[in-house]
Amino acid sequence: MTSRIEPSERVFPQHSGSFPGLRSQWRSLIRPAIAGFMFGYIILHPVAMVVFQWLDPRLAAAAGHDKASALWGPIMHSFHLNMLAMGLVFGVIGLLITTSSACHRVALTWQRDRLAEELTRNERLRNELAEQAEMLRQSNEDLAKLELATRRTTQFMAHDFKSALGCISGFAGQLLERPQLGQDRDVASALDCIRRQAHRIMGSVMDLLEFARVREKRSPRKELISVSELFQEAVSDFSLPVHSERIALGDDHCNCPRLLADPRLLRRVLCNLISNAVKHNGPDTRVRLDSQVNELRTEVLFSCCDDGVGIPPEMLPTIFTEFAGTDNASGDSTGLGLAFCKAVVEAHGGRIWCESTTEQGARFFFTVPLHKEPINGQ
Amino acid sequence: MANESVTGKRVLVVEDEFDFADLLRSILERAGYTVMTAYNGEHAYSQVQKARPDLITLDIQMPKESGLFFYRKLKADEAFRNIPVVVVTGLTKDDRDWENLIRTFMEPEHVPHPEAYVEKPVDEPRFLITIEEALSCPTSGEC
């Protein structure tokens, strides 16, 4: 449909010859050269003689035609044999003038042709560009339709998942509260597992939805939140694979001021970090959460540390990339958890990173900037 | 488990998912409410006309007549305008679809917002607190 433009062609347009004019059209210069010579010899030379006579009386004397007119005498004299050299000089002058003029004309013609060629080529490129722009626009439209369809499908599925998983975890929770069932440890454990797994899948569905939302560059719905409440809600989240007793909270978070942030997104970030720690190190892993304000009081630094096996140094640069951890042996990961955390933290204007030493656990840190202006008088 | 202050209060659960409706019914009945169920907007409106509930929990995305159509009809009816409504939906409050729905259905006709929004899956204790608050302090009435 469209021809491909080579880069060299774009930068250095190719033309037919570097300067073809004089080489190919030298014949066209012969006539102006002869005409120029004749003009110099026949016209310029006698005219010059007339002028010289008028200027130099000795020349008039040399002409020696007292009876001839002041005009006719020098003209006739200019064609005398002893004036041949002078005639030739004027002829050559005429030749040079007309030849250079002809050369100039040839060069102009060549340039005109080159410009016409360039204009034709530009026109063709413009047409190709317009075609490609149209194709791109069409592709963008198709992509937007596809994205909309995907989003609607995802939301439709998420809606169904939410209802179904809500039923599973809700009924499991209700059964757990029945004394006759709760006393049977196996039944209670199975029901607890059902409820936990339902919440875990729910968490993954929410990750997918929230990740898509954050990636759409939609700004988080911020409100003033208490860091302590945020931690409490995170550690008591049903989706966590461990009970809250395995998660320790540091002391510094109590001194943190209220944050302007999206509480649901930050809770998912904390839940994901805790889940990751437990998922990769086993249920006996101890996780410690804390947060503190920096010295300049411009941001709050959150930390989530575990005492597990740590993360190999070669994996550290890519752990926040989508689907970076999907090839792990457990197969228990959507590959979006940490990418989601990064997207959320960055959407809040913060940073996230990980420090780890093999066999000494992993330490995840992220920051959330503190708002500068007091909000609602707080 | 049952709370005496809510005993006898009638709640209409409008939800197209039978199982989820059963879950809400179970949660509410254990808390002491009397529960009726409807599986679409039309059915819900006939239920309301038959026996006026004290509160309605309403799903948005339903076949036949969506929850918001029902909600608009309810708020347009003088007799039922003051019934508090708690929307229980699978839509996330930040979704674009959610915003579009609100913009399309609520804002042009200045329909008052429901008493509360609850996202599925419901957290039982929080859900019950929301229901109690909506009953004790409806947006349309006085606390």
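**View 1. The buried residues of helix α11 of chain A are A:G337, A:L338, A:A339, A:F340, A:C341, A:A343, A:V344 and A:V345.** This is a predicted model, in which local features need pLDDT of at least 70, side-chain atom pairs count only at pLDDT 80 or more, and totals for chains, interfaces and linings use all residues. Residues are numbered from 1 along each chain as its sequence is written, chains are lettered from A and ligands numbered from 1 in the order in which they are written, and side-chain values use heavy atoms, with hydrogens and water left out. Buried means under 20% relative accessible area, exposed over 50%, and partly exposed in between (1.4 Å probe, protein chains only). Helices (H or I, at least four residues) and strands (E, at least two) are DSSP runs, numbered from the N terminus. Helix α11 of chain A spans residues 337-347. Eight of its eleven residues are buried, so the helix is largely enclosed by the rest of the structure. A:G349 follows α11(A) and has a positive phi, near 85°.

View 2. B:Y45 and B:F70 form one that is edge-to-face, 6.3 Å centre to centre with 80° between the planes. B:Y45 belongs to helix α2 (residues 41-50) of chain B and B:F70 to helix α3 (residues 67-76) of chain B, so the pair ties together parts 25 residues apart in sequence. Rings of Phe, Tyr and Trp (its six-membered ring) pair if their centres lie within 6.5 Å; planes under 30 degrees apart count as stacked, over 60 as edge-to-face and the rest as tilted. B:Y45 counts as buried, at 12% relative accessibility. B:F70 is buried too, at 0%.

**View 3. In chain A, ring pairs link A:F37, A:Y41 and A:F79 into a cluster.**

**View 4. Lysines sit over rings in chain B.** B:K73 lies over the face of B:Y45, 4.6 Å from the ring centre. The charged end of B:K120 sits over the ring of B:F20, at 4.8 Å from its centre. The rule asks for NZ of Lys or CZ of Arg within 6 Å of the ring centre and within 35 degrees of the ring normal.

**View 5. Chain B holds five helices and five strands.** From the N terminus on, its elements run β-α-β-α-β-α-β-α-β-α. Of its 143 residues, 54% count as buried. Among contacts (heavy atoms within 4.5 Å) in chain B between residues at least 6 apart in sequence, 72% join residues at least 24 apart.
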